[in-house]
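User: I am new to this structure and would like to learn how its features are read. Please guide me through it.

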Amino acid sequence: MMNAKPAVNVADLTVAYRDRPVLWDIDLQVPAGALMAVVGPNGAGKSTLLKAILGLVKPVAGMVELFGQPYRAVAKKIAYVPQRTSVDWDFPATVRDVVLMGTYGQLGWFRRPGQPQRKLADEALARMGMQDYANRQISQLSGGQQQRVFLARSLVQGAELFFMDEPFQGVDATTEEVILKLLHELRNAGKTVVVVHHDLGTVRDYFDWVTLINVKKIASGQLSEVFTPENISQTYGHRALIANPSA
Amino acid sequence: MLFSPEFLEVSATVAVTAIACALLGPFLLLRRLALLTDAIGHVLLFGIVVAFLIVGQLDSPWLLFGAAATGLVTVVLIEALSRSQVVREDAAIGLTFPALFAGGIILATLFARNTHLDIDQVMLGYAEFAPEHRLEIGEYDLGPRSLIVMGLMGLLNLTAIAIFFKELKISTFDATLAASLGFLPAVLHYGLMTLVSFTVVTAFDSTGPVLVVAFFVIPAMSSYLLTDRLGWFLAWSVLYAVAGSFLGTAAAFALETTVSGTVATVMGGLFGLTWLAAPRYGLIRHWTERRRLRRAMHDRLLLIHLKNHEGTPEESAESDVRNLHEHFRWTLAATDRIVRRAMSHAWVLCESSHLKLTPVGREIADRDITAGPFIS
């Protein structure tokens, strides 16, 4: 581990919906500066893991620390990019409006975004290749463009630690490239990025670290060490025979 | 009579009531809670009866607070029911308000039988009678009571929205983000619902039940068709409220009909016009846009067809204007229009009843063949 304090430290985390455990006694460390994929089959608890780390669902047991502190103490350093279907895209707002919402945290209560925030938003949009869409109504965007708007919104939060829930889900090739470039830029800038990912075939090319979960944690660590056929087939069961990348 | 003092007082009362409701309507619409006002309206009796049983007076302002508090209880119950995931939100509304409504009626008949606790008398206002209930301080007449109460209510709503605009915006669009940035979306939600409750209660007293639901829903819905920005959404909603109030009251005075029915009808009419003619989301725009796309598609098809058969043995048969309609299965008239349009754009030439692509037409066809059939 490169840092004394890992960016994410999860110990004995259990989350249940009624009597069904969704995450079972998870221990997990994400070192600062890692670009990590969280993979596992449908219903493995990947999204729930992010939500539990961010305090959006209440765990039955366990502890979560971010940079050695509880979430509330470091909330301003954290950006969460939810699945893009989590909001109503018919909301009367332009692309820039939505990106500006990312600056609200730094502004706090009552202060309105002004010229500096707009500049920040436009820079983030340009980074995502969305500068021409700033004044577009958000319902007129494609799925990939919506995803890029969400990512731009997370960029203006000035975060050190990013959690992204399936950013590659159902996006076009251009968007996939833009997101991949962004992930690598964030890593090179020393940020920590945790990404829920569904495509086993690209894990090896996109990420340096990987966590394999299926309700229980199967393995977590550097890709070269833990992304092995044995671990993958233990995570996915027989389906791994189809999805198993050549090691 | 139009423009009599009475007309001015009635229309001003209606307009101010409409504004107070139309400021909050857009947020309810975006939170998919448009029918909540109807539910709150139905449970008022419960709160009034309970407040009356406690204070023992019919003209106490506590009755107003009792009614508004019941509104809030309704909101909490509906949320608790729909969060339990046993029933859906619409069913939760349907479960909650008849129960409280019935409870109110039972309480009223059991305990308040001898006091003539008549909901008509206590709570259901008629805009026509607004000038008769005046607010007086000593000798001085301040004006119709409803006008002043609703003016203050509207001002309160406007102030709250102005102060919390950014916070309401983010928590309405993305409550999760709002929570993660520390904006307490639940507190904002219940704050908003408190304003809704008090607005419904005071508006019931001012202009009656039909108009309250109309004021919350129709101006917001009309405005929604006109704009893509939250600020303008609110502004247009207020404008529709004012326009509908004055036009509707004027019509009611001219036709000697009921104010509430006429205002609601006029507002509905304004919505209908907007739905038809809204520049971006209106029906007419929708039809013309579809027509334009269909035309463009037909134009491109003709060019691609000619290009595909250029220099092939079938070229002569495939480019013959006399049987082109059989190839496309278009009507003769439609084929004629499409061919004429292509000729007027100089995309094709007609030589001895055979169509030939011009260089410009060939370029368009080439581009479409490589780019795929996307038309914008």
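**Reading the model**

Analyst: A:Glu160 sits in the loop that joins helix H6 (143-155) to strand E6 (161-165) of chain A. Helices (H or I, at least four residues) and strands (E, at least two) are DSSP runs, numbered from the N terminus. This is a predicted model, in which local features need pLDDT of at least 70, side-chain atom pairs count only at pLDDT 80 or more, and totals for chains, interfaces and linings use all residues. Residues are numbered from 1 along each chain as its sequence is written, while chains are lettered from A and ligands numbered from 1 in the order in which they are written.

User: Is A:Glu160 buried or exposed?

Analyst: A residue is buried if 20 or more other C-beta atoms lie within 10 Å of its own, exposed if 12 or fewer, and partly exposed in between, with C-beta atoms placed from the backbone. A:Glu160 has 20 other C-beta atoms within 10 Å and is therefore buried.

User: With which residues is A:Glu160 in contact, leaving aside its neighbours within four places in sequence?

Analyst: Two residues are in contact if their C-beta atoms, placed from the backbone, lie within 7 Å. With those neighbours left aside, A:Glu160 is in contact with A:Lys77, A:Lys191 and A:Thr192.

User: How is the overall form of chain A read?

Analyst: The radius of gyration is taken over C-alpha atoms, and the globule rule is 2.2 Å times the number of residues to the power 0.38. For 247 residues a compact globule would have a radius near 18 Å, and the 18 Å of chain A agrees. Chain A contains 11 helices and 9 strands, and buried residues make up 46% of its 247 residues. Of its contacts with a separation of 6 or more, 68% join residues 24 or more positions apart.

User: Which residues have the most contacts inside the largest nonpolar core?

Analyst: A nonpolar core is a set of buried Ala, Val, Leu, Ile, Met, Phe, Trp, Tyr and Cys residues joined through C-beta atoms within 7 Å. The largest one has 164 residues, and those with the most contacts inside it are A:Met36, A:Val99, A:Phe162, B:Ala22 and B:Phe215. Helix H1 (residues 5-30) of chain B supplies the largest share of this core, 16 residues. A second, separate core of 9 residues includes B:Leu303, B:Leu306, B:Ala342 and B:Leu357.

User: How many residues of chain A are in contact with chain B?

Analyst: On chain A, 18 residues are in contact with 17 residues of chain B. The chain A side divides into 13 nonpolar, 4 polar and 1 charged. Here Ala, Val, Leu, Ile, Met, Phe, Trp, Tyr, Cys and Pro count as nonpolar, Asp, Glu, Lys and Arg as charged, and the others, Gly among them, as polar.
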